[in-house]
Amino acid sequence: MEPKASSASQPFWEATKEQKFLLPWCKDCEKPFWYPRVMCPHCLGESIEWKEASGQGSVYASAVHWKPGMPPAGDLKPPFVVSLIDLEEGVRMLSNVIGCEATDVHEGMSVKITWEKLSDGRFLPQFEPAS
Ligand SMILES: [Zn+2]
């Protein structure tokens with residue numbers, strides 16, 4: 001099942017078509033946040049701008065899934081990893097780490113963004129080992 005774009009996340013998904021990784025930033029308190037929403041979770045400001053992120057981060061925590069997801073999680077075959085990624089910009093994002101053995105993913109591991117093509121021209125951000 002592919003993720004749907006909401007009105008708040010539309011700019012994010014549009015940018016993924018060019019494999020650009022945008023984060024929403026609050027113009028009032030100048031902090032980034034994740035996930036996309038219409039109001040800043042730090043100060044409740046409503047002036048949002050989108051800035052390109054580095055795509056670099058590290059694994060905060062992970063769970064290895066040994067059985068297929070419900071509903072099946074894209075092309076991921078078990079075992080696969082669902083991780084919380086701490087991005088350089090200071091936000092935490094739920095994603096998958098691919099491109100290595102699921103059991104090799106560990107806390108503090110450096111990761112960078114990689115893209116999985118979706119059927120409608122968008123790309124889903126995923127992460128892979130940075131080195
Ligand atoms: Zn704010």
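**Reading a predicted chain: exposure, fold and core**

Colleague: Is Leu44 buried or exposed, and why?

Modeller: Leu44 is exposed because 10 other C-beta atoms lie within 10 Å. A residue is buried with 20 or more other C-beta atoms within 10 Å of its own, exposed with 12 or fewer, and partly exposed in between, the C-beta atoms being placed from the backbone. This is a predicted model, in which local features need pLDDT of at least 70 and side-chain atom pairs pLDDT 80 or more, while totals for chains, interfaces and linings use all residues. Residues are numbered from 1 along each chain as its sequence is written.

Colleague: Where is Leu44 found, and what is its phi?

Modeller: Leu44 is in the loop between E1 and E2. Its phi is positive, about 65 degrees, although Leu44 is not a glycine. Gln19 also has a positive phi, near 55 degrees, and is found in the loop between helix H1 (10–16) and E1. Gln19 counts as partly exposed, because it has 14 C-beta neighbours inside 10 Å.

Colleague: How many helices and strands does the chain have?

Modeller: Helices (H or I, at least four residues) and strands (E, at least two) are DSSP runs, numbered from the N terminus. The chain has 1 helix and 7 strands, in the order α-β-β-β-β-β-β-β from the N terminus on.

Colleague: Which peptide bonds are cis?

Modeller: The bond from Trp34 to Tyr35 is cis, with omega near 15 degrees; Tyr35 lies in the loop between E1 and strand E2 (48–52). The bond from Pro78 to Pro79 is cis as well, with omega near 0 degrees, and Pro79 belongs to the loop between strand E3 (56–65) and E4.

Colleague: Which residues have the most contacts inside the largest nonpolar core?

Modeller: In soluble globular proteins, nonpolar side chains tend to be buried together. A nonpolar core is a set of buried Ala, Val, Leu, Ile, Met, Phe, Trp, Tyr and Cys residues joined through C-beta atoms within 7 Å. Here the largest one has 18 residues, and those with the most contacts inside it are Val59, Val81, Ile85, Val97, Val105, Val111 and Phe127. Strand E1 (22–26), strand E4 (80–87) and strand E6 (110–117) each give two or more residues to this core, and E4 gives the most, with 4 residues.

Colleague: Which residues is Val59 in contact with, leaving aside its neighbours within four places in sequence?

Modeller: Two residues are in contact if their C-beta atoms, placed from the backbone, lie within 7 Å. For Val59 the partners include Ser83, Ile85, Val97, Val105 and Val111.
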